[in-house]
Amino acid sequence: MQKVITLKDLCHVTKTAPMAANIHGGRAKCLQRLIRLDMPVPTTVALSFDAVRAIASGQPVDTPQILRHFEAAPLLSVRPSSMDPDWGGPGAMLNIGMNDAKHAELSETIGASAATRIYMRYIQSFAIEVARLDPEEFYLPDQPSTDALRAMLDTYEAEMDAAFPQDIGEQLGEVLRSMARSWEGTTARLLRQAKGAPADAGLGLVVQDMALAVGAGVSGSGVIQFVDGTTGSEGINGRFAPQALHSDALRDAEGALFLTRDPRGKSLEEEAPEAFEQLIAFGALGRQRLREEMEIKFILTNGQLTILDAVRVQRSSRAAVRIAVDLAETGVIPREEAVMRVQPAALSELLHRQIDRSAVRDVIVRGIPASPGAAAGQLVFTANEAQASAARGEACVLVRRETTPEDIRGMHAAAAVVTLRGGITSHAAVIGRGIGLPCIVGAADLDIDERKRIITAPDGRTFTAGDMVTVDGSTGQMLAGEPAMLEAALDDAFQTLLSWADEVRDIGIRANADTPADAQTARNFNAQGIGLCRTEHMFFDGDRVDLMREMIFTENPEGRAAVLERLMPLQRSDFRELFRIMQGQPVCIRLFDMPLHEFLPAGKSGLRELAELLNVPMAEVTARVEDLTEYNPMLGMRGVRLGLTVPEIYDMQARAIFQATVAVSEEGDPVVPEIMIPLVSAMREVELVESRIETVAAAVRTETGVDFDYKLGVMVETPRAALRAQDIAEHAAFLSFGTNDLTQMTYGLSRDDAGRFMSDYVKLHVYEEDPFHTLDLDGVGELLKLGAERGRMGRADVTLSICGEHGGDTAAIAFCRAQGFDYVSCSPFRVPVARLSAAQLAVKDRLAR
């Protein structure tokens with residue numbers, strides 16, 4: 001049954017009209033607010049969402065009910081009014097009602113040339129947008145004339161087998177029907193859904209009296225805003241186009257006036273000072289009463305001001321933060337509202353360089369956006385090349401099939417990284433986010449020839465080592481050349497907003513930090529400690545990897561202990577630096593987790609270099625590598641399994657931690673390190689490691705004569721550890737859920753290979769989202785919930801957290817708050833985003849009570 005359009009669906013916009021944004025759209029409601037502020041808004045009629053849906057489905061338009069609110073023979077405009085202007089909508093239609101009689105009337109008042117141009121432009125718009133005729137048949141000549149007008153009317157009649165409609169009711173009905181159907185089209189629906197609109201989002205339409213921007217006095221069309229949309233700083237921006245005969249006039253630089261006095265030319269402030277003062281007053285009034293920075297669209301007709309619309313100023317992420325803070329600091333909105341007005345993702349943009357939105361993008365390939373930010377550099381294909389490039393002071397982009405721990409130094413040297421394989425929690429993605437390095441993974445459509453040092457794009461173009469490319473880790477695009485960039489913007493407004501967020505959030509935010517540099521970044525972003533320090537990453541710096549390789553080739557415990565003794569001062573130095581940087585904040589150190597084979601080189605050249613380093617035969621090196629090779633190393637000899645079978649590693653690390661604890665505690669506040677055992681699946685594993693750790697602690701206490709405390713906990717990464725959390729918690733002060741591996745093991749899915757088919761799975765609705773990108777609350781979340789409940793049964797005061805890459809995700813933070821977790825830990829550059837997300841969740845909960 002068709003919806004019947006009633007008078008309630010056609011609302012004359014007045015101060016007291018019953019209107020709502022969720023019925024008539026944001027533009028219609030905003031116009032009512034402007035009318036309530038006594039701004040000179042033209043007569044307006046708003047059509048509700050229901051009315052527009054009915055029109056789209058074929059319901060006749062009751063144009064007399066609309067036109068009764070306007071004077072006889074008016075000129076009208078129709079504009080879209082959706083809930084959110086960012087959702088888009090059909091373009092505005094202007095000068096509805098223009099016909100032969102109106103053309104003659106306007107020829108007398110504004111001149112034949114102007115009237116003819118208005119009429120011809122309207123015929124063109126109507127023919128193309130409403131009648132859907134070929135645009136090439138309706139071009140506008142440079143000089144309008146009566147003959148050209150007649151020719152255009154004849155063309156319309158020939159194409160339509162009907163004369164151009166002269167009745168305003170008929171014109172208006174056709175325009176409304178066209179705009180309504182346009183909104184309901186498949187393409188329009190997909191576009192707005194991509195911008196966050198629900199599938200059933202409604203569209204309102206606003207019918208408004210036209211104010212002509214032509215006349216004998218100061219006349220024209222203008223737009224004014226009172227802050228800079230890029231920076232958010234206070235200042236008048238916009239332009240004024242005199243004698244504007246069409247909607248595109250504001251885009252034409254020629255003849256436009258400045259708004260404020262300017263030595264380069266005439267200004268509206270000088271030409272129409274009264275109207276200019278009115279605009280300034282309206283801007284201040286709108287800011288105070290509408291509680292927002294507004295962009296005002298206006299018309300001057302012989303000096304008379306008409307306000308067509310006032311919309312929220314379009315703004316960059318940087319400006320969004322500045323505007324929210326300024327509105328709060330001037331008392332327009334409360335601080336909590338300022339916190340709610342900034343999207344957490346906007347902060348991520350501020351932390352990194354970004355490609356200028358106006359820059360041309362020459363896309364080479366698209367992959368998975370794994371670490372935000374943008375960087376340009378010359379193509380390199382190996383970690384050594386990246387290091388050499390950095391030594392020369394040249395920026396480079398490292399492209400690999402996939403990265404391994406051997407590539408870490410090259411990643412630190414590169415400006416950005418691209419891998420053909422991997423997913424959101426692959427090695428390259430995790431390291432990239434940790435050090436703030438723009439990164440794209442899973443760029444499977446890119447072909448790489450490492451021997452020839454060439455990559456081939458999906459379109460067949462080839463790029464060789466040394467070519468300049470740009471990586472946009474925020475969008476997953478790799479671009480040719482070097483487009484314009486916008487620098488990171490961590491100003492005082494950024495810091496102020498986050499300080500307000502910290503006042504209201506109710507869950508701790510720590511950082512995953514593997515090196516002193518990471519820890520300093522975490523400290524700079526006010527992380528409340530380190531929630532995960534992956535110590536194995538420390539072993540790839542400098543000569544440490546060679547010591548690890550020497551240890552691997554040592555046959556007996558005594559020999560391994562001797563090599564590790566040489567490594568211990570380096571570990572101790574790292575831990576001392578971490579403790580100093582964090583200044584008494586908790587530091588959770590995960591004991592060695594990585595399979596030993598990852599320290600060994602791949603390829604004949606690497607094996608040959610290792611044989612020379614260790615002074616052993618090539619055959620012996622090859623045999624040892626084969627011995628350590630595992631079919632599935634991520635489920636093999638790693639984590640606590642390695643710690644129990646090669647206990648000298650954990651003994652060395654514990655000693656280094658405790659010696660650093662003693663040293664830094666003597667310099668200031670006591671340090672209480674948190675030591676975390678990885679990949680646990682049984683209580684007995686914890687008991688055995690606990691015993692050895694306590695033995696080392698006792699020895700250090702005796703050697704130094706200094707008493708100290710520490711906490712021992714477990715990283716819950718296996719489903720069995722979650723299920724047996726009650727037993728495990730009896731020996732653990734804390735349980736930190738490593739959601740990367742827990743997701744991998746729950747799904748039986750390799751995070752490095754998931755990128756090959758994950759997009760297909762999401763499209764087929766097998767999974768709603770990539771579970772490595774968004775925490776699976778139904779499956780993995782159930783294990784987290786069970787683990788938390790059972791952990792508390794084993795130890796009532798156990799500290800609970802998550803420390804995987806999900807830690808900075810809003811949904812994961814919401815889940816952790818609901819389950820009573822103590823903190824989340826995420827990459828350093830996601831800490832500000834997590835702080836804001838946690839605050840917004842707390843505010844929403846408070847408002848919902």
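Tutor: The 17 residues of helix α11 (residues 273-289) should span 24 Å at 1.5 Å a residue, and the end C-alpha atoms are 24 Å apart, which agrees. The expected span is 1.5 Å times one less than the number of residues. The model is a predicted one, in which local features need pLDDT of at least 70 and side-chain atom pairs count only at pLDDT 80 or more, while totals for chains, interfaces and linings use all residues. Residues are numbered from 1 along each chain as its sequence is written, and side-chain values use heavy atoms, with hydrogens and water left out.

Student: Which residues of α11 are buried?

Tutor: They are A275, F276, L279, F282, G283, G286 and R287; buried means under 20% relative accessible area, exposed over 50% and partly exposed in between, with a 1.4 Å probe and protein chains only. The face turned away from the buried side carries the exposed residues E274 and R289.

Student: What covers the buried residues of α11?

Tutor: The cover includes β6 (220-227), β7 (234-242), α10 (268-271), β8 (294-301), β9 (304-312) and α12 (317-329), where contact means heavy atoms within 4.5 Å.

Student: Why is α3 called roughly perpendicular to α8?

Tutor: Helix α3 (residues 49-56) and helix α8 (residues 168-184) pack at about 95°, with their axes 8 Å apart. Angles of 65 to 115 degrees count as roughly perpendicular, under 35 as roughly parallel, over 145 as roughly antiparallel and the rest as oblique. Therefore α3 is roughly perpendicular to α8. In this packing, V52, R53, I55 and A56 of α3 meet L176, R177, A180, R181 and E184 of α8.

Student: How do you know that β24 and β25 pair?

Tutor: Two strands pair if DSSP finds at least two bridges between them. Three bridges join β24 (residues 530-534) to β25 (residues 587-590), which run parallel. R534 stands opposite R590 in β25.

Student: What makes β17 and β19 edge strands?

Tutor: Three strands form an open antiparallel sheet in the order β17-β18-β19. Both β17 (447-449) and β19 (462-464) pair on one side only.

Definitions and conventions. Helix = DSSP H or I, 4+ residues; strand = E, 2+ residues; numbered from the N terminus. Axes fitted to C-alpha atoms, helices over the stretch in contact; angles between N-to-C directions.
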